[in-house]
Amino acid sequence: HTTCDLYPYLRSMNEMRSLLPPWHYSDGIPAFVARLSDPAYRAQLKEEMTSPETDYDNFYRNAGGWDGVFVAVAPETKAAVGKSISEYAAEIGKDPFETYFDILVENNTAVQGVYSTMRAEDMIQIAQRPYCVIGTDGCSPSWEGHGHPRASAAFPQAIQYFVKDKKVFTLEEMIHKMTGLTAQRLLVPNKGLIRDGYDADLVVLDFDNLKINSTYTDPHRKTDGIDYVIVNGETVYHDLEFTGNYSGRVIRFGK
């Protein structure tokens, strides 16, 4: 069966060096950073990034230029965090490309960016496909780590956006896309439904008072209105706190 998933955000996230053609890292990060001291090399990079003829997944062009590229994590350039490259460049009085290259050098390329690469109309149309489920595409090394808010808030965000704001789904329809339909598509038995014999995986939420607090620069702020999370019959989250229970288990696919 045809299937797909999406996360309910209009901005993607990746390392900011992904704005550049990947072949520039063939000699490793230290060599690349050293080359960035050469103005001629920077001019070459700018030409490749702005040219539609350069064959790579060009996040710079996909985001519509520097207005659509935001700095999410930059340990050595904290003044840029939460701002677009255009905003920060104007603030310090530099060319946006030079600003971007400087940020890469200052942080040894360990910079995370957020990119305005999606359209609301497309996201809504894709979500409405009967085979589409909600996913997170999220990963974080820890709850205190940096990342995209999709890692901790994708599912409440889907309820907020598709049900409460856009009103394109009922609450029941949206929950099914997060639970029963996902289990069905992944062929996972005993999951996704409240039914005798199924694992007791439950979320108790306050629909009227659901409030997303996570942001692109502070991605792990907890969502208001999530009262209980129960996994395999044990409460793992209550009153905005983890209980210390680890009742989940790895679900393995195939042999």
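Modeller: Helix α2 (residues 39-50) and helix α5 (residues 96-106) pack at about 115°, with their axes 11 Å apart. They are therefore roughly perpendicular to each other, a label that covers 65 to 115 degrees. Axes here are lines fitted to C-alpha atoms over the stretch in contact, and angles run from 0 to 180 degrees between N-to-C directions. Helices are DSSP runs of H or I with at least four residues, strands are E runs of at least two, and both are numbered from the N terminus. This is a predicted model: local features need pLDDT of at least 70, side-chain atom pairs count only at pLDDT 80 or more, and totals for chains, interfaces and linings use all residues. Residues are numbered from 1 along each chain as its sequence is written, and side-chain values use heavy atoms, with hydrogens and water left out.

Now the contact itself, meaning heavy atoms within 4.5 Å. From α2 come R42, L45, K46, M49 and T50; from α5 come F97, E98, Y100, F101, D102 and V105. These residues divide into six nonpolar, one polar and four charged.

In α4 (residues 85-92), I85, Y88 and A89 are buried, that is, under 20% relative accessible area with a 1.4 Å probe, protein chains only. Seen down the α4 axis, the buried residues fall within an arc of 100°, so they line one face of the helix. That arc is taken over directions from the helix axis to the C-beta atoms. Just after α4, G93 takes a positive phi of about 75°.

Methods: Parallel < 35°, antiparallel > 145°, perpendicular 65-115°, else oblique. Nonpolar A, V, L, I, M, F, W, Y, C, P; charged D, E, K, R; others polar. Buried < 20%, exposed > 50% of the residue type's maximum accessible area, 1.4 Å probe, protein only.
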